[in-house]
Amino acid sequence: MAKPKLIAFDLDYTLWPFWVDTHVDPPFRKTPRGDVLDQRGTKVKHYPEVPKVLQKLSSKGYDLAVVSRTGEVRGANQLLQLYGWDRFFKFKEIYPGQKTKHFERLHSKSGVDYNQMLFFDDEMRNIRDVSTLGVTCIFVQDGTTESVVENGLKEFSKNAESAEATESK
Ligand SMILES: [Mg+2]
């Protein structure tokens, strides 16, 4: 089974169920119990399976990246740090703009070809834009789970095989 060299995740509605620039109120802090709260004291939760998913992918040796268009760059980075996810992500591209730009930078920083990348995002326009580069893009509907990622890896492998079949014709 062909494996991607880089796996990238969107943030809002992909790793956590909110828009970090509108639905929550940074700065964030962590309580001694380990809860992450925003400025108003509201608990800020990620999708439940995300830590397990990141841990698993990183222990299998995959390079991981965050790719987000949010304007709330500080808040997003702070959440990644407070959730303890910073150690999983080799690359972080967090700033507004079209996502093809984020991937162009990711490509030049990592040296990984687009067709060796797998990307998860909840917005169809991003899926459409980034697909044009040759990245395998997976539309995420209810947040990232183990099964979403497993299916994504299968989809990547299928794409890689069909590309190989086309080349050898
Ligand atoms: Mg999103």
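A: Angles between axes that are under 35 degrees count as roughly parallel, those over 145 as roughly antiparallel, those from 65 to 115 as roughly perpendicular, and the rest as oblique. In this predicted model, helix 3, which spans residues 99-110, packs with helix 4 at an angle of about 45°, and the two axes lie 8 Å apart. Helix 3 and helix 4 are therefore oblique to each other, and helix 3 passes helix 4 in a right-handed crossing. On the side of helix 3 the contact is made by Lys99, Thr100 and Phe103, while helix 4 contributes Asn126, Asp129 and Val130. Sorted by class, the contact of helix 3 with helix 4 has two nonpolar, two polar and two charged residues.

The magnesium ion is coordinated by Asp10 and Asp122 through OD atoms and by Asp12 through its O atom, at 2.1 to 2.2 Å. Along the chain these donors follow the spacing D-x1-D-x109-D. Distant parts of the chain are linked in this way, since aspartate 12 sits in the loop between strand 1 (6-9) and strand 2 (29-30), whereas aspartate 122 sits in the loop between strand 6 (117-121) and helix 4 (124-131), 110 residues apart. With buried taken as under 20% relative accessible area, aspartate 12 counts as buried because its relative accessibility is 10%, and aspartate 122 likewise counts as buried because its value is 17%.

Another helix, helix 2 (residues 73-82), can be described through its buried residues, which are Gly75, Ala76, Leu79, Leu80 and Leu82. After helix 2 comes glycine 84, whose phi is positive, near 75°.

Strand 5 also holds lysine 90, and this residue is exposed because its relative accessible area is 55%, where exposed means over 50%. Leaving aside residues up to four places away in sequence, lysine 90 touches Asp63 and Leu64. Between lysine 90 and aspartate 142 there are 52 residues in sequence and 25 Å in space, taken from C-alpha to C-alpha.

Notes: Residues are numbered from 1 along each chain as its sequence is written. This is a predicted model: local features need pLDDT of at least 70, side-chain atom pairs count only at pLDDT 80 or more; totals for chains, interfaces and linings use all residues. Side-chain values use heavy atoms; hydrogens and water are left out. Donors are N, O and S atoms within 2.8 Å of the metal (3.2 Å for Na, K and Ca); water is not among the atoms, so sites may look incomplete. Helices (H or I, at least four residues) and strands (E, at least two) are DSSP runs, numbered from the N terminus. Buried means under 20% relative accessible area, exposed over 50%, partly exposed in between (1.4 Å probe, protein chains only). Axes are lines fitted to C-alpha atoms, for helices over the stretch in contact, and angles run from 0 to 180 degrees between N-to-C directions. A crossing is left-handed if the near helix is turned anticlockwise from the far one by less than a right angle, and right-handed if clockwise. Contact means heavy atoms within 4.5 Å. Ala, Val, Leu, Ile, Met, Phe, Trp, Tyr, Cys and Pro count as nonpolar, Asp, Glu, Lys and Arg as charged, and the others, Gly among them, as polar.
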